[in-house]
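Work through the exercises below with the model open. Each task is followed by a solution in steps.

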Amino acid sequence: MQKIVERAKELLADGTVNRVLGWKKGDMCFNPEPAFFETAEDLDENFVYGGFCGANLSKYMIDASKLEGKTLVLLKPCDTYSFNQLINEHRVDREKAYIIGVGCKGKLNIETIKQSGVKGILNITENGDMLNIETLYGNTEMKYSDALLERCHVCKGKEHKIYDELIGESQDTSDRERFAEVEKIEKMSPEEKFAFFQKELSKCIRCNACRNVCPACSCRKCVFDSTKFDSSQKANTDSFEEKMFHIIRAFHVAGRCTDCGECSRVCPQGIPLHLFNRKFIKDINEFYGEYQAGADVDAKGPLTEYTFGDCEPSIVKERG
Amino acid sequence: MPINKEFKPKIVAFCCNWCSYAGADLAGSSRLAYPADVKIIKVPCSCRVNPMFILRAFEKGADGVIMCGCHPGDCHYSTGNYYARRRMTLLFSMLDYMGVENGRTRVEWVSAAEGVKFSTTMNEFVEKIYSLGENVRLGDLRCKK
Amino acid sequence: MCDCDCHKNYNLDTLIPLVGVITDIKEQTPDVKTFRVNALEGGKLFEHKPGQCAMLCAPGVSEGMFSITSSPTNKEYQEFSIKRCGQLTEYLHSLKVGDQITVRGPYGNNFPVDTELKGKNLLFIAGGIGLAPLRSVINYVIDNRQDYGTVDILYGSRSADDLVGLDEIQNVWMNTPGINVHLTIDREQEGWDGHVGFVPSYLRELEFSNDKTVLVCGPPIMIKFVLQGLQEMGFTKEQVYTTLELRMKCGVGKCGRCNIGSKYVCKDGPVFRFDEIDELPNEY
Amino acid sequence: MKKIAKSNLSALFAKINETKDLYVPVKNGEQVNFAAYSEEAEVDLTALKTVKSPKDAFFPQSENLYTCFNEQGKISITPEELQDKDFVVFGMKACDIKGIEVLDKVFLSEPVDSFYAARRQHGIIVGLACDKPEESCFCTVFGINPAEPTADVAVYDDEDFLYWNALTEKGNALTETLCDLLEDADNTAVENKKKEITAIAEKLPYANLSLEGWNGDALTEKFDSPIWEELYKPCLACGTCTFSCPTCQCYDIKDYNTGNGIKRYRCWDSCMYSDFTMMAHGNNRTSQMQRFRQRFMHKLVYFPANNDGMYSCVGCGRCVDKCPQNLNIVKVIKAFEKGGKA
């Protein structure tokens with residue numbers, strides 16, 4: 001972390017960048033927030049980079065691209081896919097960004113820790129492979145790898161896809177099969193599938209956090225914010241609206257979703273939203289060939305492409 | 001599943017202006033019957049059909065939705081139906097994944113000369129929807145009388 | 001049904017509207033129509049005070065807050081002057097006599113016609129459709145002429161065709177003793193022999209004495225310059241009233257969107273005195 | 001003071017459910033939210049905070065107001081029935097109960113909202129003392145005692161028993177109907193429990209948060225502060241904080257055309273949303289900074305100005321737990337205390 005701060009201060013001082021987009025210490029060790037830094041003092045005092053800095057900063061670069069001068073942005077390996085995708089869609093300006101690829105050994109999910117039964121957390125410190133957790137009700141510990149975000153269990157690898165320089169070591173933390181959950185659902189009967197999604201989606205409160213955090217959801221005005229049509233605007237009034245919103249949300253990012261996992265991270269109700277995105281990714285891979293959004297800046301997305309021999313929609317039935 | 005005689009399905013057919021709608025016209029002028037349960041919505045191109053259209057049709061009470069366009073290669077706009085094909089494939093797959101009976105959605109390529117195909121397709125599709133019964137998984141409860 | 005007493009207000013819930021019928025439509029300018037609304041069984045839907053508003057709704061289209069432009073002294077009907085500028089107003093403009101809409105209200109406070117304005121010399125300044133809320137007060141004052149001092153009306157709009165209710169202005173207001181009407185339009189126009197110029201500059205030319213109470217309504221930019229002009233002429237902010245408008249949904253200060261600071265425009269307004277507005281944060 | 005063995009709780013719930021609707025914290029996946037009781041529901045009284053506050057028992061996330069029929073140009077209106085069946089909300093915490101008091105100020109002030117009023121009249125609140133307050137709790141800052149839920153009945157969870165203390169007439173009446181299941185108990189266990197809770201509450205990391213300077217008079221000073229510019233940037237403009245909040249009361253009114261009548265409904269809305277104040281001729285809060293400021297100014301300045309100094313925040317800490325980017329009211333208060341970066 002100190003290395004990042006030193007380097008950021010240098011780049012600020014020599015005028016390469018006008019601001020730094022990183023994370024600011026929270027009032028607890030587990031709640032840092034994304035922040036812009038403009039001075040060395042601010043960096044010294046408030047900057048933090050640690051296990052809880054899971055937020056993907058690439059979406060903030062859409063606005064930062066419109067600011068004067070360059071912005072130094074810190075990206076983890078998986079965030080670089082999102083950034084690439086945004087360049088691909090002309091939503092961010094590569095020239096306005098100075099990218100430091102920061103090391104990542106998997107990011108922690110405070111919800112996972114709490115769900116393991118730990119209450120009243122005051123402090124969490126890393127101790128090798130373990131987390132020492134201090135709480136109002138005594139101390140406990142947990143394996144670092146057990147507290148990871150879902151996305152880290154299916155890590156895309158330790159390689160940064162775009163950067164100006166790298167600081168720190170990364171680690172591939174994948175220990176699960178990426179499509180295992182999707183496959184499990186695919187094998188269910190229609191009744192089971194429906195019951196599963198109904199149960200999960202009925203929790204949705206339509207806070208729109210999944211949409212707003214998504215680096216691929218970058219429309220200036222979302223179709224769901226339109227006052228011109230009569231459903232799916234705010235609160236769900238009917239169970240249909242949850243489905244409609246989530247299908248359309250996932251569909252609008254199909255072929256563009258890098259599977260960064262922010263949607264599932266931010267959902268206050270813990271809905272496994274990645275199951276929608278990953279289903280599209282899996283289908284795209286199967287029908288149109290392997291594709292990883294954001295791996296290549298110049299790639300053409302699968303939904304803006306076609307071949308004469310594409311499968312017919314009836315394949316859904318034929319597959320059984 | 002026993003067929004419910006009382007059940008009158010509502011079926012929405014999105015037809016592209018250049019081929020399928022003309023196909024429907026031909027079916028009509030050739031006196032080829034297809035059920036009145038099918039409501040045709042004319043779109044400029046099958047590519048115009050946004051996934052939201054399909055969901056909205058279901059929301060407002062459709063029991064089945066079918067999309068018809070020019071045969072691949074024959075699109076009036078050259079390539080529109082190729083894009084539509086990919087989109088619908090993914091959307092239908094998603095609906096299937098969420099437990100919506102996959103017979104409720106269909107895509108068929110119908111040219112302006114294929115009045116017969118249009119009518120048989122519609123007959124088949126309506127038959128299928130009769131066998132599936134009322135759509136209860138995708139629909140807004142408020143729209144049910 | 002149980003024996004609780006919570007149903008006593010059943011039909012009175014302020015969010016449940018009444019059905020009104022449009023009994024007359026006057027095309028006042030190319031984009032302003034005045035709609036006369038009656039209850040289905042005839043007569044007025046409800047009583048109101050000058051300056052109050054009501055929510056008009058075209059079911060399934062949209063709903064919006066409009067000021068009631070007719071005077072409370074009119075015992076037969078209520079009128080709304082509506083400028084075509086959005087989805088709802090577009091729809092309302094397509095309606096015909098005999099069509100029904102839903103109305104709920106009245107909402108908001110009113111111009112203090114029975115208290116602070118009583119016995120005062122009044123100066124009304126309006127621009128464009130801004131005459132709508134003031135018209136209610138002007139006619140109220142005309143009908144209770146003995147309670148008020150001199151009345152001056154300064155009204156301007158883009159062109160002579162855009163003057164709302166010119167008919168009434170010329171035939172009623174101008175013929176009422178003790179009422180002076182000053183009209184102006186923004187640009188020269190054939191057939192117009194009156195004053196040409198913006199309202200704030202005409203105001204300066206007219207050199208009113210500062211013993212009047214002023215009621216202003218119009219586009220924000222006009223209000224801004226009118227207020228400047230008035231202050232230069234020696235008026236204080238306590239002498240000036242205006243109406244504000246923000247996005248409203250409930251009309252009763254509960255839905256939480258029309259607030260400026262701690263004031264809700266729908267409930268604590270729309271009528272504000274300028275010294276009150278000064279205390280509000282600059283967010284309107 | 002009464003008590004019931006926890007093993008017998010399902011009998012208690014079933015009994016209440018016989019004559020009244022019952023809402024309890026129900027676990028779905030890893031999340032707990034208030035929901036209608038059923039035998040299959042996984043009732044979870046150990047979760048301190050439900051994701052959504054239980055305010056929707058009184059102010060539902062979405063509710064129909066009336067249906068409007070338009071037949072050949074003739075409009076008729078059928079209002080929705082008001083709540084007329086008694087219901088019990090079991091397990092509300094002290095902060096959520098205070099949240100309802102805040103909502104009362106809004107909905108029961110003139111003109112009274114009859115939909116809300118009917119629910120308030122028929123709703124019976126069984127409050128549950130907070131067994132294990134968590135790090136994000138700061139209700140004590142607003143003078144709330146997590147050990148004393150000011151409900152119709154206060155309930156305490158102690159080892160194998162739930163202790164039951166009716167506090168109001170409604171509470172007594174409910175207790176009456178359950179007398180077969182409740183047995184008499186002495187106060188000792190509850191008194192000890194209260195002490196335990198109070199001791200923890202004092203040690204909470206936010207227990208000493210200072211609200212100094214936040215009141216109805218601080219309007220211009222706070223509104224014009226440059227600190228908002230520093231704070232709002234990470235805000236995603238989502239509605240997580242609003243929709244999980246026990247006091248947020250903003251709503252939207254909308255029409256839905258069902259094809260057989262137009263349903264007029266209202267639903268929760270969020271001042272964080274870009275279209276919140278949008279109208280045909282413009283929008284008075286165009287930037288996210290303004291919308292962000294509105295939310296906190298409303299809770300800490302505007303609301304106290306209109307309600308004798310009562311804050312529209314109860315320190316439940318849901319926004320602290322749930323904000324996707326870790327922004328929250330505590331950070332706002334602290335930033336102002338510190339006076340920003342400068």
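Domain bounds here come from an automatic or database domain assignment. The model is predicted.

**Exercise 1.** Find how far apart the C-alpha centres of domain 1 and domain 2 of chain A lie, and describe the side of domain 1 of chain A that touches domain 2 of chain A.

*Solution.* 
1. Take the bounds: in chain A, domain 1 covers 1–109 + 148–176, and domain 2 covers 178–320.
2. The C-alpha centres of these two domains of chain A are 26 Å apart.
3. Count contacts, with C-beta atoms placed from the backbone and lying within 7 Å: 21 residues of domain 1 of chain A meet 18 residues of domain 2 of chain A.
4. On the domain 1 side, helix H4 (77–88) and helix H6 (150–153) of chain A each supply at least two residues. H4(A) gives the most, with nine residues.
5. Sorted by class, that side has seven nonpolar, seven polar and seven charged residues.

**Exercise 2.** Describe the side of chain D that touches chain A.

*Solution.* 
1. Contacts join 43 residues of chain D to 40 residues of chain A.
2. Elements of chain D that give two or more residues to this side are helices H5 (188–203), H8 (240–244) and H11 (329–338), together with strands E11 (251–257) and E12 (262–268).
3. E11(D) gives the most, with five residues.

**Exercise 3.** State the nearest C-alpha distance from chain C to chain A and to chain B.

*Solution.* 
1. Chains A and C do not touch, and their nearest C-alpha atoms are 8 Å apart.
2. Chains B and C do not touch either, with nearest C-alpha atoms 14 Å apart.

Notes:
Residues are numbered from 1 along each chain as its sequence is written. Chains are lettered from A and ligands numbered from 1 in the order in which they are written. This is a predicted model: local features need pLDDT of at least 70, side-chain atom pairs count only at pLDDT 80 or more; totals for chains, interfaces and linings use all residues. Two residues are in contact if their C-beta atoms, placed from the backbone, lie within 7 Å. Helices (H or I, at least four residues) and strands (E, at least two) are DSSP runs, numbered from the N terminus. Ala, Val, Leu, Ile, Met, Phe, Trp, Tyr, Cys and Pro count as nonpolar, Asp, Glu, Lys and Arg as charged, and the others, Gly among them, as polar.
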